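Please consult the sequence and the model shown here alongside the text.

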Amino acid sequence: MKTLKKLFNNSSLLQKLLVIFLTVTITPLIFITVFFYDRTEQRLLELTYENMSSSNQQISSNVNAHLNNLRQISSLIYTDETLQAYLTQTYTNDYSFVEAYRYIDGLLYSLLTANNNIASINLYVDNKTLPEDGLFLKHITLENLPLEYLIQLQQTYGNNIFSNVIQDKNGKNVIYLGRILNFNTQSQFYGMVTIGLYEELLYKLIEKEEQNKSVYLLNEKNQIISASDKSLLNLSFSAAIGPELSVNQEVVTINGDPHLLVYNTMLHGWKTVSLTPIDEIMRSSRQTAMQIVVIALFSLVLSILMIIVIAKYLSLRLRKLNRQAAQVEQGNFTPLLTDSSKDEIGQLSAAFNKMSTRLKDLIEKLYVKELAKRDAELYALQSQINPHFLYNTLSGISSLAIQNNDIEVSKIVNHLARFYQTSLNMGHQYITLEKEIALTKHYLAIQHMRFEDSFIERWEVDESLSTYETIKLLLQPFVENAINHAIDDDQQCLEISIRVYQSMHVGVPALLLEVEDDGCGMSSEQVETLLSSESKAGYGIKNVHERVQLAYGENYGVTIHSEAGLGTKITIMLPLQQQN
């Protein structure tokens, strides 16, 4: 979480706006899309269920119409008393039943002609005196009627009963309506009637409704009696298709795929069952969902382009302020062009311009004052050096004048003149390293006249650095300090080493000046306090350190390394700068 927060804080304004926009846009869009897709699926299932129910009711109505027609025909035959008399009469000769044949044939032919959808009408009698006519009239035998169907008919007591699907002699599938014929006042039957209906006729009623779905017609035992797949006829629906019929079950699984199941039951127990694959129902829904997704993605891309344009416009104005802030950091206080807008960015731009202008005025004032103060301090520090050196030099001249009345006086005065000529430097604070070395050598010449052979100096100078710039009077105070304080009464000759070379300091080239003696040295406590502001000793050393830091900054200055009895090493660190 912290990493994400840090990444968000470090991202650009454009990236932040895009993240915020995508978050507040995509989340509701996904929610709305999923919600409406789910609602669309539910509504589509509801509409499909209603359509399937309506289709089933229409099929059931058409099937009922045909079945009712069969029932009416069976009722006509059942209630025909003339037919009953012919079928129950005892015939004694070969020609007495001709009249019966004529009536039976005329009746049944008329019924078949009036109902061309009927496959057949057959009468079965137990009257052995009435022979079979080979057309409509048959005897009740196991050859003419299956035992199971015969038993079912005998148990109906005059009610209609439908058979399973039976193939006739022509190989066509037929469903028979059967009814026992009995005397109205007696329970004894005298015959049976069967009326055949082609299964093909029933299938035509459901075939036109089989659009992206499967429709089955079941009998009261839930056996399939009509379907597109004829191999399923007479099979139990649950065994052939899979699901059991349940009032509360609308979605069933068949071969691993979900299906919507709708069925309704007719008055006589037959059922119309419809099955539609859920995937087939959802196909149009998914197409609509894909259209919604495409539109949403198009809208999202368009919105992203718009937010990029807006974010770039806003970030461009902010980048101008950022560039101005970078210029101010580098010391450029030029105001920006005034932003004419009155929004927060415009107000910020105007306020920044005012701040930049005021900051420029303040810096200029403070900078001028600081320069003046620094120059004053530099001149004041140098003025503190010159009288001190003049006092020592004049003391040397006085001593020589007392001891000798010769040309040595003129030499020392000449070196003194050259020293002052170089140190004054026409009022300039900076001189070349070459002049600084010459100035120090004049001082050493004067000191040699004073101390004779009490010390010797060794020079180690990188001649390629002679043209580089330095503050005047840097080496002389340390050489003077070595001569005045490092000479020991027991030491025959003091050795002073003066080195000038180039090195690296804080990653940039630096100029190093070293003055090292082998005199009496100092303790660590004396070294620690030598450059402190409270120190009264070593005034020239502290003076040089302060002037260097005033001129070049706190990264430069004087460092001291000394040990009692072993000598002292002074290092002056300066930036490596060519003379302007």
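Helix axes are lines fitted to C-alpha atoms over the stretch in contact, and angles between their N-to-C directions run from 0 to 180 degrees. The model is predicted. In it, the axes of helices α3 and α4 come within 10 Å and cross at roughly 140°. Angles over 145 degrees would count as roughly antiparallel; α3 and α4 are therefore oblique to each other. Their crossing is left-handed. The residues that make the contact are listed by helix below.

| Helix | Residues in the contact |
|---|---|
| α3 | Thr 82, Leu 83, Tyr 86, Leu 87 |
| α4 | Glu 99, Ala 100, Tyr 103, Ile 104, Leu 107 |

The structure contains 6 salt bridges. One of them pairs Glu 495 with Arg 458, whose closest N and O atoms are 2.8 Å apart. This pair links distant parts of the chain, with Glu 495 in strand β14 (residues 494–505) and Arg 458 in strand β12 (residues 455–461), 37 residues apart.

Met 290 lies in helix α8, which spans residues 278–329.

How values were computed. Residues numbered from 1 in each chain as written. Predicted model: local features only at pLDDT ≥ 70, side-chain atom pairs only at ≥ 80, totals over all residues. Heavy atoms only, no water. Helix = DSSP H or I, 4+ residues; strand = E, 2+ residues; numbered from the N terminus. Parallel < 35°, antiparallel > 145°, perpendicular 65-115°, else oblique. Left-handed = near helix turned anticlockwise from the far one by under 90°. Contact = heavy atoms within 4.5 Å. Salt bridge = Lys/Arg side-chain N within 4 Å of Asp/Glu carboxyl O.
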